[in-house]
Amino acid sequence: MIYSGLKDTTTSNHASPGEWVARSCHRRRAGRVPFSYFLLETAARLDTGIVVDVFEPRDFSKLGPSGCNMCGGIVSESLVQILATEGINLPRAVYKRGVDSYVLHMDVGRAFIDTPLHEKRIVSVHRGGGPMGSKPSAWRSFDGFLQALAMAKGARLVQERVESLAWKDGRPEVKTKNGRCESYDLLVGAVGINTSALRLFESMGFGYKAPRATKTHICEFQLGKENVEKHLGSSIHVFLLNLPRLEFAALIPKGDYATLCLMGQEIDADLVKTFLQHPEVRECLPPDAGGLKPCCQCYPKMNVGEAVQPFADRVVLIGDSGVSRLYKDGIGAAYRTAKAAALTSILEGISADAFRQKYWPTCRKIATDNGFGHAVFAATRQIQRRRRAHHALLGVVAAERRNCRARTMSTALWDTFTGSAPYREVFMRTLRPGLGMRMLWQLILGRKGTVASAE
Amino acid sequence: MPSSILGRRYRDGDTIVRQGEKGEHMYVIQMGQVEVVEEVGDKEVRLSVLGDGDIFGEMALFDHQARSATVRALGEVRVLTVDKRTLMRRLQEDPSFALRLIQRMASRIRELNTEVARLKAASM
């Protein structure tokens with residue numbers, strides 16, 4: 001999805017914010033939905049007229065991959081709160097399920113971790129119209145909802161595929177497959193990691209290089225509402241299993257469906273099969289689910305690094321095409337980068353310098369935090385590989401739950417898997433000496449053969 | 001389509017926020033209505049009724065004073081709790097995040113000004 005602007009007078013990229021805002025009433029830009037929403041909202045606060053074209057060939061009401069942005073579809077606890085405070089309350093038709101707990105599954109047992117306030121503040125959504133073969137219903141796509149918000153603010157939808165990006169008289173020029181060709185004052189890329197559009201930005205010659213990515217697997221099982229309720233409840237089930245190449249997996253309840261997400265190194269059909277046959281996974285599915293076939297599946301890429309130079313004069317890339325949070329809260333990262341880019345372009349200008357000074361720090365903050373995320377997941381990998389460590393971890397969570405003591409481990413796990421807190425905070429919490437002592441004590445108990453379960 | 005299931009459910013008459021208590025959270029109404037009442041002596045004065053999308057409890061987060069009023073559910077209501085930490089973290093990264101809260105507070109000041117003017121006029 002891309003942004004655009006008018007072919008009018010100005011050619012300078014270094015306009016002061018005042019000049020830029022003053023001129024922008026004559027201008028058009030092209031961009032992604034959350035960006036468009038915040039850009040238009042900020043412009044309206046400043047009584048500035050801006051014309052925004054959103055290039056999106058996808059129809060989010062369509063079923064299956066053609067209408068879907070291919071992700072797990074979790075709106076994190078912190079993002080639900082932030083959106084509500086911003087005045088964006090998710091309508092009931094948009095989320096499939098409110099989630100109030102996580103169940104952590106390991107090779108030796110499971111731990112139930114509920115939200116600190118015992119409140120449903122996480123939601124599961126379908127990014128598109130729903131899985132392949134699902135019946136038309138009153139449910140709405142999450143991305144369709146966001147698109148409608150941007151349209152209500154005045155953005156114009158261009159349902160055409162962008163074929164090429166180039167420069168014309170110092171401005172970005174967008175050419176679509178249908179032959180539409182227009183230059184804009186500002187071009188915003190939020191194209192996701194799974195499209196060839198990233199190459200279009202690389203070809204513009206300002207030094208942009210797409211982020212590193214790894215292959216994941218997402219599939220949908222139609223279990224029926226009763227089975228979803230019975231086997232998954234209102235919990236997201238996270239699996240930290242000792243399977244090669246598997247970082248972690250999650251089973252997410254969504255109305256009649258359960259979405260399975262596998263993350264790790266180069267996930268393939270063999271690993272998916274091995275995972276589904278694991279006893280701990282089988283226990284989460286109905287007994288007759290052995291022959292269950294996914295009704296919709298994909299192997300999308302996931303961002304695991306940050307882009308190089310995701311901005312230039314009159315161009316900025318946000319969300320997955322810029323930087324995203326490691327494994328978690330991609331929608332939240334897209335919100336943060338979209339808003340930072342929108343505010344920068346309205347208040348500071350659209351030059352590379354403006355984006356470097358005001359937009360890039362937000363990206364750097366996420367990227368730096370991902371460094372801590374790598375450390376947190378490296379630690380969980382070590383735990384995954386050691387059976388005694390599984391016992392110790394579950395033992396600590398069980399003790400915290402039993403004794404209602406400081407829930408250091410439970411909240412660290414909660415924040416890791418929900419993406420509710422920065423990885424840095426999670427990492428620092430795990431360094432607390434008391435937690436280390438409790439893990440050690442549980443390791444000793446584990447040696448004596450004590451099996452701890454937190455459920 | 002079922003109604004909102006986000007946040008926590010309160011039944012008619014349940015107290016969500018109590019006057020005089022320390023405030024650690026802010027709230028956004030997802031579904032239903034609440035009444036805001038202030039205890040003056042042994043009497044209760046209803047200050048306002050809030051509905052879907054309205055925010056309450058934000059004042060105590062900013063002025064570090066005790067809750068200025070009690071908020072009770074009017075019928076069944078769903079309320080989403082916003083953590084102080086989440087709010088402050090976001091404000092630190094994006095001060096424009098506070099605009100809606102400022103807008104809300106400004107609108108309340110306007111309403112209060114109108115009310116004060118009306119009371120003064122009535123007592124003249």
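**Notes on chains A and B**

1. In chain B, 76% of the contacts with a separation of 6 or more join residues 24 or more positions apart; two residues are in contact if their C-beta atoms, placed from the backbone, lie within 7 Å. A word on the source: this is a predicted model, in which local features need pLDDT of at least 70 and side-chain atom pairs count only at pLDDT 80 or more, while totals for chains, interfaces and linings use all residues. Residues are numbered from 1 along each chain as its sequence is written, and chains are lettered from A in the order in which they are written.

2. Chain B has three helices and six strands, running β-β-β-β-β-α-β-α-α along the sequence. Here helices (H or I, at least four residues) and strands (E, at least two) are DSSP runs, numbered from the N terminus.

3. Of the 124 residues in chain B, 29% are buried, meaning that 20 or more other C-beta atoms lie within 10 Å of the residue's own, with C-beta atoms placed from the backbone.

4. Where the chains meet, 21 residues of chain A are in contact with 22 residues of chain B. On the chain A side, helix H3 (77-86) and helix H9 (330-347) of chain A are the elements that give two or more residues, and H3(A) gives the most, with seven.

5. Chain A also has an open three-stranded sheet, ordered E3-E7-E4 with antiparallel pairing; two strands pair if DSSP finds at least two bridges between them. E4(A) and strand E7 (residues 122-125) of chain A share four bridges.

Key:
A residue is buried if 20 or more other C-beta atoms lie within 10 Å of its own, exposed if 12 or fewer, and partly exposed in between; C-beta atoms are placed from the backbone.
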